[in-house]
Amino acid sequence: MTTPTVFFGRYFDGRISMPVPVAMRFDAGALVVVAPDFERREARGRYRLPERTEHGQPILHLAGGGQVEADDVGALWRAARESGLRETPASLMSQRWSLALLALVLTIASLYAGYRWVLPWAAGVAAPLMPAAIERSLGKEAIAWLDDGLTEPTRLPAARQEQIRARFARMLERAGEAPAPEVLLFRSGSGLGANAFALPGRTILVTDELVEAAGEIGSAVPDEALLGVLAHEYGHMREHHLMRRMLKLSVLAVAASAIWGDIGTLAAVVPTVLGGLDYTRELERDADRVAARILAAADLSVEPLIALFGLLRGEELDEAATDHPAGWRRYLRTHPMTGERIELLRAGARQP
Amino acid sequence: MDRVPGGPPPGGMAPGAAGRLRPIVFTGSGGEYFRIWIVNLLLSILSLGIYSAWAKVRRQRYFHRNTRLAGSAFDYHARPRTILIGRIVAIAVLAAFIVATELEPLAALALLAAWLLALPWIVHRALRFRHANTSWRGIRFGFLGTVRQAYRALMLPVIVWMLVLGLGFAGALWHESDALLVLLFPVAGLGSYALLPLLHYRLKRYHHDNACLGTLPARFSARARMFYGVYLRSAVLAVVVVIGFFLLLATAILAIGGIGNAIETAANAARSPAAGAGLGLLGAAAFWLAWAVVRPYFQARMQNLAWNRTRIGPHRFVSRVKVRRLWAIRMSNLVLVMATLGLFLPFAAVRLARYRLESVEVAALGDLDRIVGAERERIAAIGEEAADLFDLDIGI
């Protein structure tokens with residue numbers, strides 16, 4: 001057996017800041033500290049090795065009190081390795097540029113995977129579990145916000161409102177869905193134009209302008225286009241889309257500020273905003289799927305809904321001829337009727 | 001000047017030895033810290049945040065063990081598990097706060113009051129935790145400030161100020177005096193700002209006057225008026241920067257377009273709907289510029305003030321942070337971090353730490369080899385992690 005590598009350093013007893021020059025070696029896993037006037041032997045597990053770094057003072061803590069500062073990190077680890085002592089995986093990864101760059105690639109990949117798959121999945125699981133009281137209070141806030149200047153009281157007669165509510169309830173019943181949402185609200189959307197919202201707390205809000213536009217779509221069944229829109233909004237509501245979006249954005253905001261918070265608020269906000277925009281399109285597709293299924297189950301056609309979107313888009317192109325150009329446009333921007341969405345609606349309707 | 005408040009030091013005084021300047025040396029490397037940082041980040045993400053406690057210990061150890069004084073490095077002793085528990089408790093409290101805010105605005109108000117009331121306690125716990133877990137040459141630092149002192153230092157001015165304000169507003173309402181009410185609002189605003197330097201001073205005094213290294217106590221000899229001086233000069237600098245920005249802008253417009261043209265442009269712009277947005281943008285730019293210029297000034301002056309007025313036993317500190325140098329480091333860090341989407345962050349942290357630490361020297365009066373340790377108990381990390389979560393600036 002060769003003689004074990006000896007390394008040097010300074011011993012401190014923890015009671016006084018006086019350095020004592022020592023020589024050290026590892027002996028079958030134990031650390032032996034030899035000073036001019038004493039010798040200490042700490043068994044394996046009774047001392048803590050420092051993380052191996054190129055810079056910085058390596059300090060070994062002794063369980064019986066005191067510590068040793070090694071002079072040369074290279075000698076310390078040569079001795080430690082001879083004695084079969086290992087470093088932690090994290091410390092090993094941090095020592096080589098190749099592994100650190102691999103960690104960078106994996107970090108980016110896991111951030112992307114988390115954003116793309118884990119986060120939407122977790123939000124979907126967590127959203128229905130959130131207390132109903134939170135959703136209701138959020139919904140109240142949203143209605144108060146809309147009523148403060150964006151909307152006016154509806155001009156639809158009470159009988160017409162009841163008729164729409166009854167038709168909506170019947171459609172849901174025929175599709176085997178839970179009873180209609182607690183509140184189907186009507187508002188005259190001066191600032192919103194033709195629009196419909198699923199609000200937190202089982203509330204759907206429809207503007208008079210949308211009811212009016214839907215009336216222009218001829219179909220065999222009365223209010224078929226309007227029911228299509230309601231089915232779509234019901235899809236948002238049933239799937240807790242708003243809560244999911246909120247949860248997702250909160251997590252994004254926290255994660256972004258944890259990683260980039262040091263740079264400044266802006267750096268933390270940008271990813272959150274971009275993430276919010278991206279997520280909206282996904283939720284629209286999800287709501288479309290629900291709508292297509294409900295309409296099919298209630299023996300209704302998706303075509304009037306598609307025609308309604310077409311009408312709204314036509315109005316947008318022919319902006320000057322409409323009464324509420326801004327409103328049409330706004331709805332289309334958040335509900336873009338792409339060819340892909342039309343395909344999806346038709347395909348969903350064909351399925352049993 | 002060489003008087004040591006609180007009597008003769010208990011140890012470390014070599015007779016007749018003159019103060020000898022010993023520099024603080026920082027040996028960390030940006031590249032190496034980057035490798036630690038990225039592995040920490042990856043493992044924290046993969047473990048859904050749990051590893052972040054271990055990551056914090058690795059980071060703190062790296063910075064402590066790269067900070068050397070008189071041939072020995074500092075060390076960090078907190079255990080990851082303790083930090084993890086502290087983190088979980090702090091996050092749970094924050095989550096409860098958010099849920100309560102959503103459910104009941106009044107509950108949020110009560111919680112906010114509770115949080116303000118708890119603040120001195122959190123500061124106390126965080127300081128205890130940090131000091132007890134920091135050491136040099138095997139001698140632990142300590143923090144001997146009591147909870148009562150924390151409340152007296154931080155809560156009393158706030159409560160007195162609130163009482164004064166409350167009485168003022170109550171009186172104005174009682175006499176139905178609108179003029180008095182209108183007068184009270186700027187007084188309330190100015191008074192609150194005027195209270196800030198005092199609070200900062202009291203926080204620093206609570207911190208630096210109660211810290212110790214082993215049995216060697218620290219003493220803080222700064223005065224509140226010195227803090228007011230730094231704050232006032234920073235405010236003046238901010239005003240000068242904003243005025244200078246607009247003067248420069250006006251000069252540039254005049255130089256480009258000529259006087260008549262500029263007036264015409266200005267008159268047209270005022271009428272256009274974009275004028276409001278443009279003015280808002282200019283205001284934001286001026287504010288940001290003032291912040292970017294004043295922050296390094298404030299930090300440099302504050303670090304110099306706090307450290308030059310602190311001693312541990314007979315040993316004094318000499319801090320010579322230069323405003324211009326700190327400004328250059330902060331600006332280049334900002335640009336590089338933005339350009340690299342955050343990858344420069346660890347390099348930036350090392351650069352900043354190196355400059356701020358190496359600006360400090362210890363005027364060691366006598367022997368640094370005879371500092372005696374003291375027994376310390378272990379402390380939970382809840383205060384520390386709450387302070388971390390809410391970004392309380394109680395950094396050493």
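**Figure 1. Arg46(A) and its partner Glu42(A).** Let's start with Arg46(A), which counts as partly exposed because its relative accessibility is 43%. This is a predicted model, so keep that in mind for every view here. The side chain of Arg46(A) meets that of Glu42(A) in a salt bridge, with 3.9 Å from N to O.

**Figure 2. Asp27(A) meets Arg41(A).** Here's another salt bridge: Asp27(A) pairs with Arg41(A), and their closest N and O atoms sit 2.9 Å apart. Asp27(A) belongs to strand β2 (residues 20-27) of chain A while Arg41(A) belongs to strand β4 of chain A, so this pair ties together parts that are 14 residues apart in sequence. As for cover, Asp27(A) counts as partly exposed, because its relative accessibility is 28%.

**Figure 3. Arg40(A) and the residues around it.** Stay with strand β4, which runs over residues 38-42 of chain A and includes Arg40(A). Arg40(A) counts as buried, because its relative accessibility is 17%. Which residues is Arg40(A) in contact with, once you leave aside its neighbours within four places in sequence? The list is Tyr11(A), Leu31(A), Val32(A), Val33(A), Leu62(A), Gly64(A) and Gly65(A). Take a second look at Gly65(A): its backbone oxygen lies 3.0 Å from a polar atom of the Arg40(A) side chain.

**Figure 4. A salt bridge between two helices of chain A.** In this view, Arg244(A) and Asp286(A) form a salt bridge, their closest N and O atoms being 3.8 Å apart. Arg244(A) is in helix α8 of chain A and Asp286(A) is in helix α9 (residues 265-297) of chain A, so the pair ties together parts that are 42 residues apart in sequence.

**Figure 5. A salt-bridge network in chain A.** Glu177(A), Arg238(A), Glu239(A) and Arg293(A) are linked in a network of them. How many salt bridges does the structure hold over all chains? The count is 24.

**Figure 6. A nonpolar patch on the surface.** Now for the outside of chain A. Tyr112(A), Trp117(A), Val118(A), Trp121(A), Val125(A) and Leu129(A) make a nonpolar surface patch of about 730 Å². One of these residues, Trp117(A), is in helix α3 (residues 97-126) of chain A. Trp117(A) counts as exposed, because its relative accessibility is 54% and the cut-off for exposed is over 50%.

**Figure 7. Where chain A and chain B touch.** How many residues does each chain bring to the contact? Chain A brings 43 residues and chain B brings 49 residues. The area buried between chain A and chain B is about 3700 Å², and carbon and sulfur atoms give 61% of that. Across this interface there are 21 residue pairs in polar contact. On the chain A side, β1 (7-12), β6 (59-62), β7 (67-70), α2 (89-93), α3, α4 (132-147) and α8 (241-260) each supply at least two of the residues that touch chain B. Which of these elements gives the most? That's α3(A), with eight residues.

**Figure 8. Glu51(A) reaches Arg58(B).** Two salt bridges are found across the interface of chain A and chain B. In one salt bridge, the side chains of Glu51(A) and Arg58(B) meet at 2.6 Å, N to O.

**Figure 9. Stepping back to each chain.** Chain A has 12 helices and 11 strands, and chain B has 12 helices and 10 strands. Of the 352 residues in chain A, 45% are buried; for the 396 residues of chain B, the share is 42%. Look at contacts between residues at least 6 apart in sequence: in chain A, 58% of them join residues at least 24 apart, and in chain B, residues 24 or more positions apart account for 78%. The accessible surface of chain A is about 17500 Å², with 59% belonging to carbon and sulfur atoms. Chain B exposes about 20900 Å², and carbon and sulfur atoms supply 70% of that.

Note on methods: Residues numbered from 1 in each chain as written. Chains lettered and ligands numbered in written order. Predicted model: local features only at pLDDT ≥ 70, side-chain atom pairs only at ≥ 80, totals over all residues. Heavy atoms only, no water. Helix = DSSP H or I, 4+ residues; strand = E, 2+ residues; numbered from the N terminus. Buried < 20%, exposed > 50% of the residue type's maximum accessible area, 1.4 Å probe, protein only. Polar contact = N/O pair within 3.5 Å; in protein donor to acceptor, adjacent residues only side chain to side chain. Contact = heavy atoms within 4.5 Å. Patch = residues over 30% accessible without salt bridge, like charges linked within 9 Å, V, L, I, M, F, W, Y side chains within 5 Å. Areas by Shrake-Rupley, 256 points an atom, 1.4 Å probe, with all protein chains shown as cover. Salt bridge = Lys/Arg side-chain N within 4 Å of Asp/Glu carboxyl O. Buried area = accessible area lost by both parts, 1.4 Å probe.
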